[in-house]
Amino acid sequence: MIRARQAGLACGRLKPGPGNRITDVPGVAVGHLTRADGAIQTGVTAILPHGGNLYRDKPVAAAAVINGFGKSVGLLQIDELGTLETPILLTNTLSVGTCATALIRRAVAANPDIGRATATVNPVVLECNDGHLNDIQALALTEADAVAALEGAS
């Protein structure tokens, strides 16, 4: 298997970490849950920038939209404020809302003042249409699946 960097393709000028993975960055954790059962072939990936309370300790963030066709939640506020308030979830097109709700519930559970004594929370969910692999209309992913990806992050 040839990696993009070996073929001369690279983003930026910085040298990659020892594993050439996002988890080479100290504190970053990634989790995933896959649903694979017949026509259901989908999943959710969680990226946690650090292990603390993201609502209270907001990391700097930015977004660059390349084609503008994908569904997303949270990118506009990242552009406006320049920070993250939740982990990032990646999922299929029709599961963006479900995953956003899971992130909101998780943030409110950890910060009961959200939306009452403090500002609301900005969940960040991005998608990839897996309809050619998956019965996307089945809406097979649940909030519990998103939580499992988050809890499995390492």
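Q: How are helices and strands defined here, and how many are there?
A: Helices are DSSP runs of H or I with at least four residues, and strands are runs of E with at least two. They are numbered from the N terminus. The model is predicted. The secondary structure of this protein comes to three helices and five strands.

Q: In what order do the elements run from the N terminus?
A: The order is β-β-β-α-β-α-β-α. Overall size comes next. The radius of gyration is 16 Å, close to the 15 Å that the globule rule gives for 154 residues, so the protein is as compact as a globular protein of that length.

Q: What box do the C-alpha atoms fill?
A: Along the principal axes, the box is roughly 50 × 40 × 30 Å. Of the 154 residues, 34% are buried. Now take the contacts with a separation of 6 or more: residues 24 or more positions apart account for 67% of them.

Q: What counts as a salt bridge, and what is the count?
A: The rule asks for a side-chain nitrogen of Lys or Arg within 4 Å of a carboxyl oxygen of Asp or Glu. By this rule there are three salt bridges.

Q: Which residue forms a salt bridge with arginine 35?
A: The partner is aspartate 145, with the closest N and O atoms 2.5 Å apart. Arginine 35 lies in strand 1 and aspartate 145 in helix 3 (residues 143-151), so the pair ties together parts that are 110 residues apart in sequence. Arginine 35 is partly exposed, at 34% relative accessible area. Aspartate 145 is buried, at 3%.

Q: Which residue forms a salt bridge with arginine 56?
A: Arginine 56 pairs with aspartate 113, and the closest N and O atoms are 2.6 Å apart. Arginine 56 lies in the loop between strand 2 and strand 3 (72-73), aspartate 113 in the loop between helix 2 (96-110) and strand 5 (124-128), so the pair ties together parts that are 57 residues apart in sequence. Arginine 56 is partly exposed, with 48% relative accessibility.

Q: Where do arginine 105 and glutamate 143 lie?
A: First, the pair itself: these two residues form a salt bridge, the closest N and O atoms being 2.6 Å apart. Arginine 105 lies in helix 2 and glutamate 143 in helix 3, so the bridge ties together parts that are 38 residues apart in sequence. Arginine 105 is exposed, with a relative accessible area of 54%. Glutamate 143 is partly exposed, at 27%.

Q: How is a pair of aromatic rings described?
A: By the distance of the centres and the angle of the planes. In this structure, there are zero aromatic pairs.

Q: Which lysine lies over the face of tyrosine 55?
A: Lysine 58 does, at 4.3 Å from the ring centre. Phenylalanine 69 has a charge over its ring too: the charged end of lysine 71 sits 4.8 Å from the centre.

Q: Is asparagine 122 buried or exposed?
A: Asparagine 122 is buried, with a relative accessible area of 7%. Its place is the loop between helix 2 and strand 5. Leaving aside neighbours within four places in sequence, asparagine 122 is in contact with Gly74, Gln77, Ile78, Glu85 and Thr86. The C-alpha atoms of asparagine 122 and threonine 86 are separated by 6.9 Å, though the two residues are 36 apart along the chain.

Technical notes:
Residues numbered from 1 in each chain as written. Predicted model: local features only at pLDDT ≥ 70, side-chain atom pairs only at ≥ 80, totals over all residues. Heavy atoms only, no water. Phe/Tyr/Trp six-rings, centres within 6.5 Å; stacked < 30°, edge-to-face > 60°. Lys NZ or Arg CZ within 6 Å of the ring centre and 35° of its normal. Buried < 20%, exposed > 50% of the residue type's maximum accessible area, 1.4 Å probe, protein only. Rg over C-alpha atoms; globule rule 2.2 N^0.38 Å. Contact = heavy atoms within 4.5 Å.
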